[in-house]
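Please view the sequence and structure first.

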Amino acid sequence: WRPALDAALAEWLALPKEVTGLSLIAVYARGSIVRGLALEGISDVDTLGFATVSHSDADSELKAWQSRGSERARRMRSAYPFCSGLEMRLVCVPERSSLGGWLRGDAAAPASLADTQLRALDAFRLASQAVCLHGSDLVPRLPPPVPRPRLVLEQSADLARASRAVAALAVQGSSDKALAVARWAAKRALRAGME
């Protein structure tokens, strides 16, 4: 899986050239690969990047970059057939915001983050199942990971709903849709096991 992770990192390192004023702070791999649970042909390369932007005009460039996500995933599958794709989630905030200062490690930035900021960073998954591939490791500055109550309380209902949907779609002859729902449920269960 290392060559696929290297290819994903190369995609991230190209991002500042595509978005004017963007500073890439850190890139993480997360999910099944870093936990040693990746399955050939099923697992994708799941990454999370953190960046700041120095101006608001970057929105259109960021949208253009995001719109090419399926192209990047296709390149990944072509180069590494054992991968099901590439996920690149970007957390990008204004450079001069309090979260931007925290990401950069500015001395004047707040030492702790609000709950909304922790959710924006996906702090629980970052601290519990991610590995820093590039840049400043943010995890030592995060509070200890605590699972969100929704995950614990609603997983059973989510999986039951998915099971009913798969059964109904199978009866309708929509095997592709049924498979998509089943994959979602499997990923949901796998991720919950990792948290």
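A polar atom of the S67 side chain lies 2.6 Å from the backbone oxygen of A64. The model is predicted: local features need pLDDT of at least 70, side-chain atom pairs count only at pLDDT 80 or more, and totals for chains, interfaces and linings use all residues. Residues are numbered from 1 along each chain as its sequence is written, and side-chain values use heavy atoms, without hydrogens and water.

S67 sits in helix α2 (helices are DSSP runs of H or I, at least four residues; strands are runs of E, at least two; both are numbered from the N terminus). S67 is exposed, at 54% relative accessible area (buried is under 20%, exposed over 50%, partly exposed in between, with a 1.4 Å probe and protein chains only). From S67 to E40 the C-alpha distance is 26 Å, at a sequence separation of 27 residues.

Buried residues in α2 are A58, L62 and W65. They cover an arc of only 60 degrees around the axis, so they share one side of α2 (the arc is taken from the directions from the helix axis to the C-beta atoms). S60, K63 and S67 are exposed on the other side.

Helix α1 buries A4, L5, A8, L9, E11, W12 and L15. Seen down the axis, these fall within an arc of 150 degrees, so they line one face of α1.

Notes:
Polar contact = N/O pair within 3.5 Å; in protein donor to acceptor, adjacent residues only side chain to side chain.
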